Amino acid sequence: MIKILILFIVLIAGIILGPIMAGHQGYVFIRTDDYDITTSVTSLVLCFIILQFILLFLGWCYRRFMSTTSRTKGWMSGRKYHKAHTQTQKALLKLAEGDFDQVEKLMSKHADFSQQPVINYLLAAEAAQQRGDEYRTHQYLDKAAEVAGNDQLPVDITRVRIQLAEGEVHAARNGIDKLIDQAPRHPEILRLAEQAYLRSGAYQTLIELLPVIAKVQLHTEDELEALRLKAYKGLMNQYMAESGSDGLQKWWKSQPRKIRQEIALQSFLAEHLIECDDMDSAEKIIIGGLKQQYDERLLLLAPRLRSDNPEALEKVLKQLLKQTGATPLLNSTLGQIALHHAQWEQAETYFKAALAQRFDAHDAAWLADALDKLHKAEEAAKIRQEALLHSLQKERS
């Protein structure tokens, strides 16, 4: 604008002063190696003004061209953004339908122009994994990592989830350890940690993580207790596999008193000791637990004991009869122990008491065996017939 004003002033001055200076124009002489140029001052000024107008016109043309190019680019980019948004919406619908081939195709195409390209690449990776295309899965994960910048957490979480789905348990375990250091209370990280530690056999690590899982409230109290018992059972399996009965008992003694008093864990330990053929140690655990309280898990293990002196166990079971009353399982347990030690009459008494409370095919079979030993063949046959009829009725229902 200032240049135009200056040129306008010069033009007016030329119009006013031109006639005055008509007879006094003077001249300009320019010499080069090959040429001599002679012109009047007025002509030189006019050439300068025309040159300025030409330069202004070229500048205007350049700005107009650049403005048109920017608008064209903006239109093209806007079109791509709109298309990426439309494709993302379609991909989400296909995800609900379970069409992972289309999900991958729609999520990956124009992903760079979507509002959240990281999400597009991550969903494309999970879709490729569902199709079993390992190469594309990792390709999309790498793309997601590139566009995520400093926020790598969603990429790492998806990577661990895919590793677990592909069976790369140890790689997932390594990844989840790093994620827990970054975000120890992240719900999805804790869910994946639960899977990774269970599948990799990191039961002690999972047990240590349970208080955090409880605070985040990922599970109900019953689910959390089931998970804790599963972890302890897995840990006992490891000690039994590595060191047998001695290693198992050494680990058990190192546990806090509160843990050693849990009936559920006592039943797990007794079961493992029975598998190790350490009947004496298992019997001590079962008797100790039953002295604390009546528990069916321990009662179910009692008949599996093979002891030459069952008096101690029988004494505890009879004491439970007085304290809790005669339950079907307690009578059945006493009957099985009597049967194992050839105490046929006692076995008959206990099994009949158990069957009087509820009918059980196993108890009926054991009673029939005891009756056979007592030479009561007709009664034994009658019991077996009743058991058979009961089993047929149960199958029909």
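**A walk through the model**

Tutor: Let us begin with E262, which sits in the loop that runs between α11 (257–260) and α12 (263–275). Please keep in mind throughout that this is a predicted model.

Student: Okay, is E262 buried or exposed?

Tutor: E262 counts as buried, because its relative accessibility is 18% and buried means under 20%.

Student: And which residues does E262 touch?

Tutor: If we leave out residues up to four places away in sequence, E262 touches E225 and R228.

Student: Let's zoom out. How many helices and strands are in the chain?

Tutor: The chain has 19 helices and 2 strands. It has 397 residues, and buried residues make up 36% of them.

Student: What about contacts between residues that are apart in sequence?

Tutor: Taking the contacts between residues at least 6 apart in sequence, 51% of them join residues at least 24 apart.

Student: Now salt bridges. Why would side chains pair up like that at all?

Tutor: In general, side chains of opposite charge can pair when their charged atoms come close.

Student: What does R297 form a salt bridge with?

Tutor: The partner of R297 is D295, and the closest N and O atoms of this salt bridge are 2.9 Å apart. R297 is partly exposed, with a relative accessible area of 41%, whereas D295 is buried, with a relative accessible area of 7%.

Student: And D372, which residue is its salt bridge with?

Tutor: D372 forms a salt bridge with R384, and here the closest N and O atoms are 2.6 Å apart. D372 lies in helix α18 (residues 361–373) and R384 in helix α19 (residues 377–396), so the pair ties together parts that are 12 residues apart in sequence. D372 counts as partly exposed at 33% relative accessibility, and R384 counts as partly exposed at 37%.

Student: Which residues are joined into a network by salt bridges that share partners?

Tutor: E348, K352, K376 and E379 are joined into one network in that way.

Student: Then how do α17 and α18 sit against each other?

Tutor: The axes of α17 and α18 come within 9 Å and cross at roughly 150 degrees. The two helices are therefore roughly antiparallel to each other, and α17 passes α18 in a left-handed crossing.

Student: Which residues make that contact?

Tutor: From α17 the contact includes W344, F351 and L355, and from α18 it includes W366, L367 and L371, among others. By class, the residues of the contact of α17 with α18 divide into 10 nonpolar, no polar and 4 charged.

Student: What about α5 and α6, at what angle do their axes cross?

Tutor: The axes of helix α5 (residues 134–148) and α6 cross at roughly 165 degrees and come within 10 Å, which means that α5 is roughly antiparallel to α6. α5 passes α6 in a left-handed crossing. Among the residues making the contact are L141 and A145 of α5, together with V155 and I162 of α6. The contact of α5 with α6 has 6 nonpolar, 2 polar and 2 charged residues.

Student: Last topic, backbone angles. What is the phi of D277?

Tutor: D277 has a positive phi of about 65 degrees although it is not a glycine. D277 is found in the loop between α12 and α13 (279–292), and at 48% relative accessibility it counts as partly exposed.

Student: And where is A342 found?

Tutor: A342 is in the loop between α16 (328–340) and α17 (344–357). Its phi is near 60 degrees, a positive value in a residue other than glycine, and A342 is partly exposed, with a relative accessible area of 41%.

Methods:
Residues are numbered from 1 along each chain as its sequence is written. This is a predicted model: local features need pLDDT of at least 70, side-chain atom pairs count only at pLDDT 80 or more; totals for chains, interfaces and linings use all residues. Side-chain values use heavy atoms; hydrogens and water are left out. Helices (H or I, at least four residues) and strands (E, at least two) are DSSP runs, numbered from the N terminus. Buried means under 20% relative accessible area, exposed over 50%, partly exposed in between (1.4 Å probe, protein chains only). Contact means heavy atoms within 4.5 Å. A salt bridge is a side-chain nitrogen of Lys or Arg within 4 Å of a carboxyl oxygen of Asp or Glu. Axes are lines fitted to C-alpha atoms, for helices over the stretch in contact, and angles run from 0 to 180 degrees between N-to-C directions. Angles under 35 degrees count as roughly parallel, over 145 as roughly antiparallel, 65 to 115 as roughly perpendicular and the rest as oblique. A crossing is left-handed if the near helix is turned anticlockwise from the far one by less than a right angle, and right-handed if clockwise. Ala, Val, Leu, Ile, Met, Phe, Trp, Tyr, Cys and Pro count as nonpolar, Asp, Glu, Lys and Arg as charged, and the others, Gly among them, as polar.
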